[in-house]
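Welcome, and please open your viewer.

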Amino acid sequence: MSAQYAWSEADEAEVRLLEERVGVELPGSYRQFLLCSDGWGDGCLLRAGEVGWLRDLEPLAAEVWSGAGNGKVRSIPDELYFVYGEEQESVNLRREYVPDTLLVGRWDDGMALLNPHVRTAGGEWEAWYLASWVPGARRYRCFWDLIRNERVKPSLGRWCPEYGA
């Protein structure tokens with residue numbers, strides 16, 4: 001992908017408005033992305049004005065993926081949950097977190113989500129790619145890792161040098 005898919009950047013006021021609307025400060029990598037490009041592609045990564053909590057934007061998806069309807073949500077132990085990369089098993093998803101995720105993108109019949117329940121020491125939120133054809137979710141330590149692994153590979157860095165590969 002190239003910069004031709006990028007929208008013009010969001011300004012600081014637009015990013016602050018999003019943070020006010022969702023009631024939290026955004027993680028640094030995602031905030032920086034919005035300041036570099038307010039969305040990307042044809043709805044692939046949402047513009048600041050389109051981003052919101054999954055429970056509000058896609059209530060049925062939040063309910064189905066959380067398992068709330070069947071009453072059988074089991075929590076995944078830390079030693080299984082906090083595995084990233086090749087060793088990760090996508091079924092080890094903490095479904096109780098699903099409704100509280102921030103919907104930031106859609107592609108290939110899946111959703112890009114940010115999980116505020118899991119944060120790095122630097123304030124980054126865990127990022128997920130959730131799709132009906134993935135058993136569970138592919139999880140990453142932060143938004144930038146999700147984008148680098150799921151969507152754009154190193155070319156993104158050419159137009160957003162702060163987080164480029």
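Among contacts in the protein chain between residues at least 6 apart in sequence, what percentage join residues at least 24 apart? The figure is 55%, where contact means heavy atoms within 4.5 Å.

A word on what you are viewing: this is a predicted model, in which local features need pLDDT of at least 70 and side-chain atom pairs count only at pLDDT 80 or more, while totals for chains, interfaces and linings use all residues. Residues are numbered from 1 along each chain as its sequence is written, and side-chain values use heavy atoms, leaving out hydrogens and water.

Start by selecting the whole protein chain and colouring it by secondary structure. Tracing from the N terminus, the order is α-α-β-α-α-α-β-β-β-β-α.

Of the 165 residues, 48% are buried, meaning under 20% relative accessible area with a 1.4 Å probe, protein chains only.

Next, select residues 12-22, helix α1, and residues 28-36, helix α2. These helices pack at an angle of about 140°, with their axes 9 Å apart; axes are lines fitted to C-alpha atoms over the stretch in contact, and angles run from 0 to 180 degrees between N-to-C directions. α1 and α2 are therefore oblique to each other, the class left over once angles under 35, over 145 and from 65 to 115 degrees are set aside.

Finally, show side chains: E12, V15, R16, L18 and E19 of α1 meet Y30, R31, L34 and L35 of α2.

Conventions: Helices (H or I, at least four residues) and strands (E, at least two) are DSSP runs, numbered from the N terminus. Buried means under 20% relative accessible area, exposed over 50%, partly exposed in between (1.4 Å probe, protein chains only).
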